[in-house]
Amino acid sequence: TARIVDWVNTHFDSAFPPADDPQLGAVSYSASIPAIAEGETPGLQIFTGEDGRAGEVSWLCDRLEEGLARPEVGSIAVLGRSRNVLRPFLAAMRERGIAYAGRDLDPLAQRMVVRDLLTLCAVLQNHFDRFAWLALLRGPWAALDHAELLHVALALPTAAPLIRGETTVEERFDELGGDALARVTHLVAVLRWAEHYRDRLALRVWVEEIWLRLGGAAAHPQRSSHLDAQQFLQLVEALEQEGLGLDMTLLEERVQRLYAAVEDDSSVVQVMTLHKAKGLEFDWVFIPALDSQTRSSADELLLWDELVLPSGTPSFLLDIRSAADSDDTQRVYDYLKHRHREKRRLEDTRLLYVGCTRAAGRLSLTAKLAIDDKTGELKPPASGSLLAAFGSRLPNEAVVLDVPAVGEPPEMASAPYQ
């Protein structure tokens with residue numbers, strides 16, 4: 001809309017460099033022309049106080065519920081700089097029952113269905129794995145309580161004797177109740193079936209059949225759980241194709257690299273990183289935690305950068321970090337460090353621009369800043385944050401909301417922060 005385009009033109013004209021510089025990857029700003037008249041002016045909310053972040057999270061969830069209740073809002077996006085930035089917002093959305101679709105956000109290894117499958121595979125791979133055996137008994141197919149689990153742990157610490165047929169459930173677990181005894185008996189029967197068909201079926205087929213016989217799919221009926229289970233089984237199949245078999249160490253490593261499936265890809269609320277949002281458009285866009293910074297790293301031992309000489313010849317600079325911290329001499333290393341920092345700043349500015357221009361109807365930005373005790377003014381945003389793209393002077397539309405410790409009422413500034 002016209003107001004979003006005008007807002008972006010106003011604030012990003014000074015945020016972008018005045019001239020192009022291919023050496024730094026700098027691109028000057030070109031003003032946009034609105035295609036839709038009117039609209040709502042973007043808003044920037046600044047949260048302060050001890051519980052500023054919690055207040056920011058709560059405010060965003062309130063606005064999401066407001067947007068979902070408005071029929072004219074057909075799509076909402078929550079865009080974050082990184083997955084870590086989005087995690088507290090995702091947790092609050094789940095707690096308040098706000099349905100969302102988040103692609104490549106939740107690690108696959110943290111899904112309960114995958115944890116159950118990993119436990120099952122650990123027992124299948126090593127019948128003497130005591131911890132895996134006890135975890136398997138806590139799974140949905142046996143669901144033993146603490147007292148029952150303690151009895152089993154003392155009576156039979158591993159699954160090996162039961163799977164080999166050296167003893168029976170009735171002989172070793174005579175103190176278990178009827179339901180618990182029946183569940184463990186069924187579990188052991190499936191494990192014995194698995195041992196009988198070991199190496200007679202394809203590895204994926206074998207694991208999947210055991211999973212189904214135990215009732216794993218029925219215990220996790222959600223569509224996303226089925227998709228997560230299929231991702232896991234595909235990893236098992238890949239291990240067999242590589243001739244590695246059921247290698248638990250490698251399997252766990254590969255699970256850590258994947259992300260859980262989306263529950264409902266057609267959800268009104270879409271959550272993703274700013275990089276994933278390129279090329280998309282939403283009726284209402286939220287970009288929270290603009291004060292967050294990327295993880296700072298210690299000075300690298302070597303720094304280098306490619307450049308083009310005035311003659312057009314490609315070249316590069318390289319220097320090693322000095323061991324003398326007190327050395328004030330200007331070095332090539334300091335120059336390269338400055339270039340890298342400037343490139344990151346320019347990339348951050350472009351990234352924020354991409355996020356802001358995803359909004360078709362409404363744009364809401366939020367951040368948490370501290371108050372300077374001496375001056376009573378807001379401290380400037382950190383240099384590595386996206387909010388720093390606006391410079392030390394915040395946009396005039398910023399509304400400051402102080403969120404004190406829990407139990408104290410919040411206070412909102414009577415006028416926008418100037």
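A helix crossing is called left-handed if the near helix is turned anticlockwise from the far one by less than a right angle, and right-handed if clockwise. Hello everyone, let's keep that in mind while we look at some helices together. What we have here is a predicted model, in which local features need pLDDT of at least 70 and side-chain atom pairs count only at pLDDT 80 or more, while totals for chains, interfaces and linings use all residues. Residues are numbered from 1 along each chain as its sequence is written, and side-chain values use heavy atoms, with hydrogens and water left out.

Let's start with helix packing. Two packed helices are described by the angle between their axes and the distance between the axes. Here the helices (H or I, at least four residues) and strands (E, at least two) are DSSP runs, numbered from the N terminus. The axes are lines fitted to C-alpha atoms, for helices over the stretch in contact, and the angles run from 0 to 180 degrees between N-to-C directions.

Please find helix 4, residues 112–125, and follow it to helix 12. Their axes come within 9 Å and cross at roughly 35°, and the crossing is right-handed. Which residues of helix 4 meet helix 12? On the helix 4 side they are Val113, Val114, Leu117, Leu118 and Cys121, and their partners in helix 12 are Ser225, Asp228, Ala229 and Phe232. Contact, by the way, means heavy atoms within 4.5 Å.

Helix 12, residues 223–241, also packs with helix 10, residues 203–214. For this pair the angle is about 145° and the axes are 8 Å apart. Helix 10 passes helix 12 in a right-handed crossing too. From helix 10, Leu203, Arg204, Val207 and Glu208 take part, and they meet Gln230, Leu233, Gln234, Val236, Glu237 and Glu240 in helix 12.

Now for the charged side chains. How many salt bridges does the structure hold? There are 24, where a salt bridge is a side-chain nitrogen of Lys or Arg within 4 Å of a carboxyl oxygen of Asp or Glu. I'll show you three of them.

Glutamate 209 has 28% relative accessibility and counts as partly exposed.

Next, glutamate 66 and arginine 63 form a salt bridge of 3.0 Å, N to O. These two are separated by about one helical turn because they are three residues apart in helix 2, residues 52–68. Glutamate 66 is partly exposed at 30%, and arginine 63 is partly exposed at 22%. They also belong to a network of salt bridges that links Arg63, Glu66, Arg70, Glu72 and Arg362.

Let's move on to a couple of loop residues. Alanine 143 has a positive phi of about 50° although it is not a glycine. You'll find alanine 143 in the loop between helix 5 (130–138) and helix 6 (146–155), partly exposed at 43%. Alanine 289 also has a positive phi, near 50°. Alanine 289 lies in the loop between strand 5 (282–287) and strand 6, and it is buried at 5% relative accessibility.

One more loop residue: threonine 167, between helix 7 (160–163) and helix 8 (169–172). Threonine 167 is buried, with a relative accessible area of 6%. Leaving out residues up to four places away in sequence, threonine 167 touches Leu156, Pro161, Leu162, Arg172 and Arg192.

Definitions and conventions: Buried means under 20% relative accessible area, exposed over 50%, partly exposed in between (1.4 Å probe, protein chains only).
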